[in-house]
Amino acid sequence: MSERNRRDFLLTLGTGAGIAALAGQAVASLRSLVPNVSYDAPTTVKLGAAHEFPDGLKFLPDERLFVFREGNTFHAVSAVCTHLGCTVRAEALPRPETATVEGQSLRLTHRFLCPCHGSRYAGDGTNVAGPAPKPLAWYRLSVAPDDGQLVVDLAAPVEHDFRLTIA
Ligand code: FES
């Protein structure tokens, strides 16, 4: 191989190696944009045994959820304000009221207030004042088949006539 051919060969080899390295780097960069695992929080959460819930209301700060119990009947109302997502607080009514919600009678014991911009919600979650654009969400409750705990599905909003009754 002449000196010139040898130089051309080495130049071609070097260029090819550079292109291969750049292509590998580009593939690695694109691959890094696609995560291998999902970091989404699970939407189904066990809340504890039904008998551990008091009659009335229990606030679950981790789930930002109010669970209401009346005897063996349960329902869950989100504590996430529909304006900008602050956590609303429950305020006990001076006297429980009965309201018809989606055609079903519901005993209201609390109303909800948002500390951020003053939105107010009735006991069934209906927005009644302030900038909140819609009612608080209600979520589906069920009973875990393995250990009987109450389970909420935070990805399954339900109509406000939803009740879980445990035999
Ligand atoms: S976040 Fe609740 S009123 Fe604005």
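Student: How many disulfides does a search of the whole structure find?
Tutor: The search finds 1 disulfide. This is a predicted model, where local features need pLDDT of at least 70, side-chain atom pairs count only at pLDDT 80 or more, and totals for chains, interfaces and linings use all residues. Residues are numbered from 1 along each chain as its sequence is written, and side-chain values use heavy atoms, without hydrogens and water.

Student: What makes C86 and C116 a disulfide?
Tutor: Their S to S distance is 1.9 Å. A disulfide is a pair of cysteine sulfur atoms within 2.5 Å, so the pair qualifies.

Student: Where do C86 and C116 lie in the chain?
Tutor: C86 is in the loop between β4 (73-78) and β5 (89-101). C116 is in the loop between β6 (104-113) and β7 (120-121), 30 residues apart from C86. Strands are DSSP runs of E, at least two residues, and helices are runs of H or I, at least four, numbered from the N terminus.

Student: Why is C116 called partly exposed?
Tutor: Its relative accessibility is 36%. Buried means under 20% relative accessible area, exposed over 50%, partly exposed in between (1.4 Å probe, protein chains only). C116 therefore counts as partly exposed.

Student: Why does C81 count as buried?
Tutor: C81 has 4% relative accessibility, so it falls under the buried cut-off. C114, at 6%, is buried too.

Student: What share of the 167 residues is buried?
Tutor: Buried residues make up 30%.

Student: How many helices and strands are there in the protein?
Tutor: The protein has 1 helix and 11 strands.
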